[in-house]
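Please keep the sequence and the model at hand while reading.

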Amino acid sequence: TSAALALLGGSVAALVVWKWLGRKMIQKKMEEARRTRDEGMKKMAKAVEQFREQIPSVQTDTILSLPLLELTGRLREGSLSPRTVLYTYLEKVSALEVTQQTNCLRHFIPECEEQLQEIQQHKEKGLLYGIPVSIKDHIGHKGHLATCGLMQCLGTLMEEDSVLVKVLKRQGAIPFVMTNVPQSLFSYECSNPIFGQTLNPLNPQKSPGGSSGGEAALIAGGGSILGIGSDLGGSIRLPSSFCGLCGLKPTAERLRWVLALPFQPCSGVGWCLAHPSAQCGCLLLSHPVPCAVGPMARDVDSLALCMKALLCQEMFQLDPSVPPIPFNEEVYSSSAPLRVGYYDTDGYFPLPPCMRRAVKETRRALQAAGHQLVPFSPPRIPYVMTELFLKTFFADGGRAWLDVFTGDIVDPGLKPQVNSCKMPRLVKKLLALLLKPLVSSYVAVISTCRSVKEMWNHHHQIQVYRSQFITQWKELQLDVVLCPVLGPAFTTGYPRKLLTAISSTMLYNTLNFPAGVVPVSTVTEADEEELKLYQGCCDDPWDRTLKQAVSGAVGLPVAVQCVALPWQEELCLRFMKEVETLSRDK
């Protein structure tokens, strides 16, 4: 007996030591990654200092204040040099207020100096000639990591630029920094154990949103004029809403961002987006709710210019699977009256009063401008949220997603979801019965596809819903739809408590419709007073949590969402531009 006890004690001690050593190794890798980032930042600051010594009279504030269209014009005519513009933005990024207060950067791209030399050799100046562009962490750049905030992605450098980066460079853009993301990208907070929490530059108590939160924080803080994000459930639109930016989620197949590597299967769940094999691109090729990549900027014209630049022959040649549809300037520039469907609630997750106010005020402004407004009610959002959207990502009960955390520390922002996925199936069922309909995420986690036949049926259900939605749209003869977006910015720590609050954005990922966000107002004292009376759907704990999440937001941006049918990005942008113009004129 004593021998058995000694053996057991020795085994326990060995396990404890093994776990301790494993944790120390993880900490060492994280520290190394952070040290590499910090060294890059020091190099950036030194390069800026050398530039300042050479050219001390640069009018920094003037350059930083220029809208993208005006900046491109100055660069093309030669009144500003690409080097001056690049180092002006590098100086802003390396300044204390952008980096240390928001923690939005994942890495400086030193090769931007090489690209600066390269564009001066081009025979023709591209549409983005000399424009510094920031890119989201997982968009591949040669010689750099695509971490997704995960330990297992720290050891592999990209061997070549992704298609998107190649096209940006061909158009004269200069990718200069990569921005922070939430761990695994599956969060609309922006935090990971390696590089930490990103904060909102408009209010450090608030989140910038996610998963393109680093992009949003950098642009809103003035450190970038144009950024590239990605959107799987609102990851461009939510940060744009939280930080007062314009952001576009195109039809997923309209742009390509992955490397042209052979297709690799992903068990029908498609969690390869947050996996080292993310470059396979199966999310874009086969996933029923595909990931889209798109631009983020301070105004709609910047988004349109970026789309025009990307939708070029270079993109179509590098990836023949991208439909060769150039940007339609005629549609974007049109001034014809629009027939606009609208709604201020989706009937699933009631949004704060200020977000509904934004839709109502925008609707009235559109009507006054001569557009025709038609009430529109999106069908069956609870069904879409639980049975179509969330079930897509937890089709296997979350097992594939849990695999990406192997040998990693789970970020606090993801622990609720990770823990629910780890629960035994019977416990999940009991919780779902007890808590339904209050906690739809639990319902989604247990609604797994238990066979290939069930998985194909799930794909079919999504297609059926899309067809029904388009039929309803066509019956009303709509051009576009005006609707709310989640906001204003949540206090940090709250997105993890309200996963299902993203129904306003996830709907258009499920449908694969182009959708964009435009800031139209700010939170007022009257909004804050009305929030005190907010009861949501049932005045339940989740409604009260939302009230806590958005309180204390006076002065923060309030946005609306603009939607068009698939492949009509130009019409979506044209509508966004109309909304933007009317909001500025009021």
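**Terms and basis**

Buried means under 20% relative accessible area, exposed over 50%, and partly exposed in between (1.4 Å probe, protein chains only). Helices (H or I, at least four residues) and strands (E, at least two) are DSSP runs, numbered from the N terminus.

The model is predicted: local features need pLDDT of at least 70, side-chain atom pairs count only at pLDDT 80 or more, and totals for chains, interfaces and linings use all residues. Residues are numbered from 1 along each chain as its sequence is written, and side-chain values use heavy atoms, with hydrogens and water left out.

**Strand S12 and its partners**

Six of the eight residues of strand S12 (residues 515-522) are buried, so the strand is mostly covered. Two strands pair if DSSP finds at least two bridges between them. S12 pairs in the antiparallel sense with strand S7 (residues 246-249) over three bridges, and with strand S13 (residues 557-563), also antiparallel, over seven bridges. Ala515 of S12 stands opposite Lys249 and opposite Val563 in S13.

**The whole sheet**

These strands belong to an open sheet of eleven strands with mixed pairing, in the order S1-S3-S2-S6-S8-S7-S12-S13-S11-S9-S10. Its edge strands, S1 (105-108) and S10 (372-375), each pair on one side only. Strand S9 (residues 339-342) pairs with S10 in the parallel sense over four bridges, and Tyr342 stands opposite Pro375 in S10.

**A helix on the sheet**

Helix H21 (residues 503-511) packs on the sheet, in contact (heavy atoms within 4.5 Å) with strands including S7, S12 and S13.

Definitions and conventions: Axes are lines fitted to C-alpha atoms, for helices over the stretch in contact, and angles run from 0 to 180 degrees between N-to-C directions.
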